[in-house]
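Subject: Structure handover

Hello,

Here is the structure I said I would pass on. Please have it open while you read the notes that follow.

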Amino acid sequence: ANGELLLRAGLGVVIFSLMASAVYLINDLIDREADRRHPQKKFRPLAAGDFSPAAAVILAIALFMLVAALTLIFFPNTAPLLLAYLGLNLIYSWWLKHWPVVDVVTVAGFYLFRIIYGGEVVAVPVSAWLILCTLFLAMLIATSKRLGELARGGARSVLQIYSADFLKQLTLGAGVLALMSYGIYTVASGGSSLLLYSNLPAVVGVFRLIYLAERGSDTETPELLVLRDRGILGSVLIWLGLVVASLYF
């Protein structure tokens with residue numbers, strides 16, 4: 001049974017990764033002019049001219065067709081979820097990304113699709129508190145990214161509306177809400193006390209990220225901070241160890 005669940009989960013990861021790749025292609029196609037004015041994004045294949053728009057469209061269509069075929073064969077119940085993910089991404093690329101606050105909440109929503117999709121694939125209900133924790137943690141990452149972009153003079157249009165002070169407040173609020181949701185989840189789950197203790201490294205990691213964002217560090221790629229910052233890396237490894245240990249002890 002466990003082997004079957006792992007197989008289903010692995011196949012789900014492949015399908016959603018293909019879907020996300022197709023969506024990223026469309027997003028990069030739409031944003032290629034703005035990306036050319038960005039110090040880092042200008043090196044992306046479409047922005048740099050290494051990959052033609054026509055080729056991007058053809059590849060995206062091929063990926064969508066592959067996702068559709070695999071979904072109908074293995075997980076037809078997830079088709080509405082994937083369509084909603086695609087639709088929200090298109091609306092975001094054309095419209096929602098220009099609205100302050102709405103943009104970061106929408107980006108956080110994309111992470112929720114991954115959690116909910118995973119639950120559907122393996123037929124396991126996802127805790128409401130875990131969903132909320134994911135939402136707020138994703139908001140923390142998104143607002144940290146906006147702060148980093150603002151510090152670097154990013155070309156994103158919404159950055160002309162945001163202020164650094166407001167983004168810092170939004171980052172702190174998202175971090176606190178993420179920790180509260182995770183804390184309630186660890187208590188409500190009724191699992192090992194080790195899971196409860198995992199709140200300690202979670203607090204360190206979240207507030208370390210907020211500290212770096214507050215002081216104006218390079219948080220434009222917050223996912224890379226896990227590897228760059230020893231404080232965050234250490235807290236993530238300890239948290240992961242406690243979570244894994246809680247499954248067996």
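Which helix gives the most residues to the nonpolar patch? Please keep in mind that this is a predicted model. The answer is α7, which contributes 4 residues. The patch lies on the surface and consists of Leu172, Val176, Leu177, Met180, Val203 and Phe207, whose accessible area together is about 470 Å². Two elements, α7 and α9 (199–214), each give two or more residues to the patch. Leu172 is one of the patch members and is located in helix α7. Its relative accessibility is 40%, so Leu172 is classed as partly exposed.

Helix α7 (residues 164–188) also holds Tyr182 and Tyr185, which are 3 residues apart, so about one helical turn separates them. Their rings make a tilted aromatic pair, with 6.2 Å from centre to centre and 40° between the planes. Tyr182 has a relative accessible area of 7% and is therefore buried. Tyr185, with a relative accessible area of 21%, is partly exposed; the cut-off for buried is under 20%.

As background, nonpolar side chains in soluble globular proteins tend to be buried together.

Now the aromatic rings. The count of aromatic pairs comes to 10. In one of them, the ring centres of Phe16 and Tyr85 are 4.9 Å apart and the planes are at 50°, so this pair is tilted. The pair connects distant parts of the chain, as Phe16 belongs to helix α1 (residues 2–35) and Tyr85 to helix α4 (residues 79–94), 69 residues apart. Both Phe16 and Tyr85 are buried. Phe16 and Tyr85 are also part of a cluster linked by ring pairs, along with Tyr92, Phe110, Phe113 and Tyr117.

Regards

Definitions and conventions. Residues numbered from 1 in each chain as written. Predicted model: local features only at pLDDT ≥ 70, side-chain atom pairs only at ≥ 80, totals over all residues. Heavy atoms only, no water. Phe/Tyr/Trp six-rings, centres within 6.5 Å; stacked < 30°, edge-to-face > 60°. Buried < 20%, exposed > 50% of the residue type's maximum accessible area, 1.4 Å probe, protein only. Patch = residues over 30% accessible without salt bridge, like charges linked within 9 Å, V, L, I, M, F, W, Y side chains within 5 Å. Areas by Shrake-Rupley, 256 points an atom, 1.4 Å probe, with all protein chains shown as cover. Salt bridge = Lys/Arg side-chain N within 4 Å of Asp/Glu carboxyl O.
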